[in-house]
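Student: Could we go through this structure by question and answer, starting from the whole chain and ending at single contacts?

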Amino acid sequence: MDLLNIESIDTIIQLITTLVCVIISITRALKTGKKAWIMLFFTAFIYFLGDLYWQIFVVVHGHIPYYSYIPYLSWYASYLFFILLLIEVRGEREKEKVNPVLYLVPVFTLGMAILYMQKEDYIGNIVCLILMTVLIWQGVAGLLDKSEKRKKYIYIAVLAFCFEEYAMWTSSFFIAEESIRNPYYWADMAMSLTFLFMPLALGKAVDE
Amino acid sequence: MNYIENVFICLVAPLLISVFWMKGKARRLMIFLIIGMGACLLSSYISTFLAIIQGADFLSASLEIAPLVEESIKLFPLLFYLLIFEPEAKDAANASLMTAIGFATFENVCFLMENGADSVLHLLIRGFGTGTCHVVCALFISIGIYRLWDKEWLRNIGTLALLAVAITYHGIFNILVSASGAIAIIGYFIPIATIIVTRFFRKELMKERA
């Protein structure tokens, strides 16, 4: 079995960067005891496990999984942990007036979900729609909050992650080619780099 | 036909009797041990049912369906306990561990029924490997209950998110042990290594939230 194809190289790079994020965040979590670091640990860890499951399956059995429930579940769970991370970073807040810009978030996510549903997988798309709407909403709301300048990098990192996910889904919707020319792999590499940026951004938000 | 239900009744009967004579925490832990064994039996039915519906062969079912079903079924009693009885973190975490231990014990009994008990070395590796895998998965859930969730709704959502961690970890374990030779041995030792590492940081990980 050829492990030097673009798909495997891409996954291996992502395994390395998510593992780096896992190690940094667990080290910081054990040192500072802050919940935000534990959340980042679980976010990166579950994403790492999803990639690892996929890659080990390919290595051991020579083909991708027939039923991809487990890796997809782990990637969805990482979105959930991102939401919990942002809730932790933003902290308790009073009910505040919603910025009208935020209403663009569900418009965007719903529109994209309708596009992706052309290829069926209704349940997966609905789950992504809900999780991504909440996640992007939290990220944009944090970014728009002028009193949270110190935390803006973590919001930018999470929004970059969401943008890269959408870039991957959209490119794989239109292009199935397994080569470096496919933008899917560029977006995936960018996501790998985003995982390296996450601990720096979170450190600025909660440790300084 | 291996009459696993009969074995279940035989194993659970003395434990059930003991429940009537125990009190307090010991009784609660014994009940979760029995629930864990029942969860193992139930999940074998559900996995088989889903495998038939999906048209999956034995290998695909054990690698891609069983971890999902087993970890979910194991979690339901705990979720029920969390939602209805609102226990203290320590009690909930212990309940999660006892369910996992009951599950692993009955799974090992099923393995013995199917494969015999003639190779003590293999049984030793498998017994510790599989048993520890279930305990590690329960540990993920326990760490969340202890350390992370200070609000009711956060605890429920967070526990579900940690379920995905347990499922994927269990899935990776199953893939590795389904191979042969060194890969399988590595697979059996990963949960043991995980539990040794977490034991070092036990104080930090199990520090109750403020």
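Student: Which pattern does chain A follow when read along the sequence?
Tutor: Bear in mind that this is a predicted model. Chain A holds seven helices and zero strands, and reading along the sequence therefore gives the pattern α-α-α-α-α-α-α.

Student: What is the radius of gyration of chain A, and what does the globule rule give for 208 residues?
Tutor: The C-alpha atoms of chain A fill a box of roughly 55 × 40 × 30 Å along the principal axes, and buried residues make up 38% of its 208 residues. For 208 residues the globule rule gives 17 Å, and the value for chain A is close to this, so the chain is as compact as a globular protein of that length, with a radius of gyration of 17 Å.

Student: Among contacts in chain A between residues at least 6 apart in sequence, what percentage join residues at least 24 apart?
Tutor: Contacts here are those in which C-beta atoms, placed from the backbone, lie within 7 Å. Of the contacts between residues at least 6 apart in sequence, the share joining residues at least 24 apart is 72%.

Student: Are α2(A) and α3(A) roughly parallel or roughly antiparallel to each other?
Tutor: The two helices, α2(A) and α3(A), pack with their axes 8 Å apart and at an angle of about 165 degrees, and their crossing is left-handed. Angles over 145 degrees count as roughly antiparallel. The relation of α2(A) to α3(A) is therefore roughly antiparallel.

Student: How many nonpolar, polar and charged residues does the contact of α2(A) with α3(A) have?
Tutor: Residues of α2(A), including M39(A), F42(A), I46(A) and W54(A), meet residues of α3(A), among them W75(A), F81(A), L85(A) and V89(A). By class, the contact of α2(A) with α3(A) comes to 18 nonpolar, four polar and two charged residues.

Student: At what angle do α6(A) and α7(A) pack?
Tutor: Helix α6 of chain A spans residues 152–174 and helix α7 of chain A spans residues 183–206, and their axes lie 8 Å apart. The contact of α6(A) with α7(A) divides into 17 nonpolar, three polar and three charged residues, and α6(A) passes α7(A) in a left-handed crossing. The pair is therefore roughly antiparallel, and the packing angle is about 165 degrees.

Student: Which residues of α6(A) make the contact with α5(A)?
Tutor: Helix α5 (residues 122–144) of chain A packs with α6(A) at an angle of about 150 degrees, with axes 9 Å apart. From α5(A) the contact takes M132(A), L135(A), I136(A), G139(A), G142(A) and L143(A), and from α6(A) it takes K152(A), Y155(A), V158(A), L159(A) and C162(A).

Student: Which element gives the most to the side of chain A that touches chain B?
Tutor: In total, 24 residues of chain A are in contact with 25 residues of chain B, and those of chain A divide into 21 nonpolar, two polar and one charged. The elements giving two or more residues to that side are α2 (35–61) and α3 (69–90) of chain A. With twelve residues, the element that gives the most is α2(A).

Definitions and conventions:
Residues numbered from 1 in each chain as written. Chains lettered and ligands numbered in written order. Predicted model: local features only at pLDDT ≥ 70, side-chain atom pairs only at ≥ 80, totals over all residues. Axes fitted to C-alpha atoms, helices over the stretch in contact; angles between N-to-C directions. Helix = DSSP H or I, 4+ residues; strand = E, 2+ residues; numbered from the N terminus. Parallel < 35°, antiparallel > 145°, perpendicular 65-115°, else oblique. Left-handed = near helix turned anticlockwise from the far one by under 90°. Nonpolar A, V, L, I, M, F, W, Y, C, P; charged D, E, K, R; others polar. Contact = placed C-beta atoms within 7 Å. Rg over C-alpha atoms; globule rule 2.2 N^0.38 Å. Buried ≥ 20, exposed ≤ 12 C-beta atoms within 10 Å, placed from the backbone.
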